[in-house]
Amino acid sequence: MSTSQKTSADKPVQQTPDEPAVSLRSRLAGSNTVWTGLVLVVLCALFSALRPDAFLTLFNVQNLLVQAAPLLMLAVGMTFVIITSGIDLSVGSVLVFAGVVSAMTMEALSGGDATFAGWGVIAIGLVAALIGGAAWGLLNGLLVAVARVPALIVTLGSFGAALGAAQLLTNGIDVRTVPATLRTTLGTGTSFGVVPNLVILAAIITLLAMWLLHTTAFGRYTYAIGSNSEAARRSGIKVTRHLIAVYTLTGVLAGLAGFMSLAYFGTTTISGHSNDNLNSIAAVVLGGTSLFGGIGTILGSVIGVFIPAVLDAGFVMAGVRPFWQPIAVGAVLVAAVYLDQRRRRARNNR
């Protein structure tokens, strides 16, 4: 048979090798995570060029990672919530409440001064922080999933209530007697000579969250509920129970973040986390998770957490007024939501 006599059935065979490459390129080009990662790389390269003697130093990198670790825990929990098409404005206040409960528990077990407390007391303090965070998360989940109150209203109420409860417990005064062992090991300690222990803990939890979201039925149900909760319900998914679990998980991670903050600062920092809820939401959205639900990755949220941190450190080192940092983050955040809306409209019009 001559070349001109080949049937049309032969043509797809000749084009098949190119199709996976084209498909991969199109997926990468349309991935918010990829674009956000490129933005982070460009920012790091820019600030490294402006201040090569300061930006990429070991001290600065360690400082960036340690400061981002508690916020990363909030962002991981927020990723699950936003994928379900929900929101949680209370995580910053829950962090403060959990830190207060943990510190006061350790003080009570140590006769009023926990400075020289051992690991037994520290372990109970960790459990107290996790339970404190879980309690607020469970309350949020019940009100959202069972009482059907909008998540925005529920978590806005919890935002004020959790912070108020922390202030009531302490009379508005920070608890400062944190075990020295906790500070020197988890708070400021390192492993392998250079890796902060806080960062190792955050990395382990993040990897577990990746496994949970991307490889288990829990993760598949999370995506399904965010895409169409009624369809998920009709397919047999227990939507109410799952939403309660997601909000409780977010509370637990906020409790862990509170314990990590306590270990690092050595105090409860009641007034120091007023923007953590918005920063965690911004990180998740910058990382490609859709505010409309059904789309998102933990990896994207990890990248999103570091964009504000890099901007903050870079502006200080470059001599730029730090007030530009929230403006820059806000501009990138609006652009990310705009692009997400365009992508959704394009997909719906196909």
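This is a predicted model: local features need pLDDT of at least 70, side-chain atom pairs count only at pLDDT 80 or more; totals for chains, interfaces and linings use all residues.

Student: Where is Val 34 placed, and is Val 34 buried or exposed, or something in between?

Tutor: Val 34 lies in helix α3, which covers residues 32–50. A residue counts as buried under 20% relative accessible area and as exposed over 50%, with partly exposed in between. Val 34 is partly exposed because its relative accessibility is 32%.

Student: Let us turn to the aromatic rings. How is a pair of rings described?

Tutor: One gives the distance of the centres and the angle of the planes. In the whole structure, a search finds five aromatic pairs. One of them is tilted: the rings of Phe 47 and Phe 55 have centres 5.8 Å apart and planes at 40°.

Student: Why does an angle of 40° make the pair of Phe 47 and Phe 55 tilted?

Tutor: Planes under 30 degrees apart count as stacked and those over 60 as edge-to-face, so the rest are tilted. The planes of Phe 47 and Phe 55 stand at 40°, so this pair is tilted. Phe 47 is buried, with a relative accessible area of 5%, and Phe 55 is also buried, at 3% relative accessibility.

Student: What can be said of the rings of Phe 97 and Trp 136?

Tutor: Their centres are 5.8 Å apart and their planes are at 85°, so this pair is edge-to-face. The pair links distant parts of the chain: Phe 97 is in helix α5 (residues 91–109) and Trp 136 is in helix α6 (residues 119–146), 39 residues apart. Phe 97 is buried, with a relative accessible area of 13%, and Trp 136 counts as buried at 13% relative accessibility.

Student: Which residues form one aromatic cluster?

Tutor: The cluster is made of Phe 47, Phe 55 and Phe 315. Two residues of the tilted pair described above, Phe 47 and Phe 55, thus return here with Phe 315.

Student: How should I think about the interior in general?

Tutor: In soluble globular proteins, nonpolar side chains tend to be buried together. In this structure, the largest nonpolar core has 82 residues, and those with the most contacts inside it are Met 73 and Leu 182. Helix α4 (residues 58–83) gives the largest share of this core, 14 residues.

Student: Which residues does Met 73 touch, not counting residues up to four places away in sequence?

Tutor: Met 73 touches Ala 202, Ile 205, Thr 206, Leu 253, Leu 256, Ala 257 and Met 260.

Student: Finally, how many salt bridges does a search of the whole structure find?

Tutor: The search finds three salt bridges. A salt bridge requires a side-chain nitrogen of Lys or Arg within 4 Å of a carboxyl oxygen of Asp or Glu. Arg 51 forms one with Asp 53, the closest N and O atoms being 3.0 Å apart. Arg 51 is partly exposed, with a relative accessible area of 29%, whereas Asp 53 is exposed, at 54%.

Student: What salt bridges does Glu 230 form with Arg 233 and Arg 234?

Tutor: Glu 230 meets Arg 233 at 3.9 Å, N to O. Arg 233 and Glu 230 are three residues apart in helix α11 (residues 229–234), so about one helical turn separates them. Arg 233 is partly exposed at 33% relative accessibility, and Glu 230 is partly exposed at 37%. The side chain of Glu 230 also meets that of Arg 234, at 3.2 Å, N to O. Arg 234 is exposed, with a relative accessible area of 71%. Salt bridges that share partners join Glu 230, Arg 233 and Arg 234 into one network.

Notes: Residues are numbered from 1 along each chain as its sequence is written. Side-chain values use heavy atoms; hydrogens and water are left out. Helices (H or I, at least four residues) and strands (E, at least two) are DSSP runs, numbered from the N terminus. Buried means under 20% relative accessible area, exposed over 50%, partly exposed in between (1.4 Å probe, protein chains only). Rings of Phe, Tyr and Trp (its six-membered ring) pair if their centres lie within 6.5 Å; planes under 30 degrees apart count as stacked, over 60 as edge-to-face and the rest as tilted. A nonpolar core is a set of buried Ala, Val, Leu, Ile, Met, Phe, Trp, Tyr and Cys residues joined through side-chain atoms within 4.5 Å. Contact means heavy atoms within 4.5 Å.
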